Amino acid sequence: GQNLDRAWESQFSGRLSAVTVAGGLLYVAEIDQHTLHALDAKTGDRKWSYTTGGRIDSPPTFWKGRLVFGCVDGWVYC
């Protein structure tokens with residue numbers, strides 16, 4: 001077997017969605033905190049976060065340069 005080295009780590013609280021990686025960024029939602037985070041996929045540095053009015057309980061979709069995700073507040077965000 002191969003030994004895998006950890007490139008970076010980041011601390012979050014609570015449950016997380018599955019991860020989406022696109023365009024050099026890693027996207028993950030803190031489900032119960034209603035927040036989507038974008039991190040640099042190589043370094044783990046946080047680039048931005050966006051808090052919605054409800055749970056984000058599924059991973060975002062990256063499509064034609066845009067990130068799309070739904071929320072239990074009844075909105076679809078892009």
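A salt bridge is a side-chain nitrogen of Lys or Arg within 4 Å of a carboxyl oxygen of Asp or Glu. The exercises below apply to a predicted model.

**Exercise 1.** Find how many salt bridges the whole structure holds, and state which residues form them.

*Solution.* A search of the whole structure gives two salt bridges. In one of them Glu-9 is joined to Arg-6, with the closest N and O atoms 2.4 Å apart. In the other, Arg-15 is joined to Asp-32, and here the closest N and O atoms are 3.0 Å apart. This second pair links distant parts of the chain, since Arg-15 lies in the segment before β1 (20-22) and Asp-32 in the loop between β2 (25-30) and β3 (35-40), 17 residues apart.

**Exercise 2.** Decide whether Glu-9, Arg-6, Arg-15 and Asp-32 are exposed or partly exposed.

*Solution.* The cut-off needed is that exposed means over 50% relative accessible area. Glu-9 has 58% relative accessibility and therefore counts as exposed, and Arg-6, at 66%, is likewise exposed. Arg-15, with a relative accessible area of 47%, is partly exposed, and Asp-32, at 39%, also counts as partly exposed.

**Exercise 3.** Classify the pairing of the Tyr-27 and Trp-48 rings, and describe where the two residues lie.

*Solution.* The count of aromatic pairs comes to three. The ring centres of Tyr-27 and Trp-48 are 6.1 Å apart and their planes stand at 50°, so the pair is tilted. Tyr-27 belongs to strand β2 and Trp-48 to strand β4 (residues 46-51), 21 residues apart, and the pair thus links distant parts of the chain. Tyr-27 is buried, with a relative accessible area of 5%, whereas Trp-48 is partly exposed at 37%.

Technical notes
Residues numbered from 1 in each chain as written. Predicted model: local features only at pLDDT ≥ 70, side-chain atom pairs only at ≥ 80, totals over all residues. Heavy atoms only, no water. Buried < 20%, exposed > 50% of the residue type's maximum accessible area, 1.4 Å probe, protein only. Helix = DSSP H or I, 4+ residues; strand = E, 2+ residues; numbered from the N terminus. Phe/Tyr/Trp six-rings, centres within 6.5 Å; stacked < 30°, edge-to-face > 60°.
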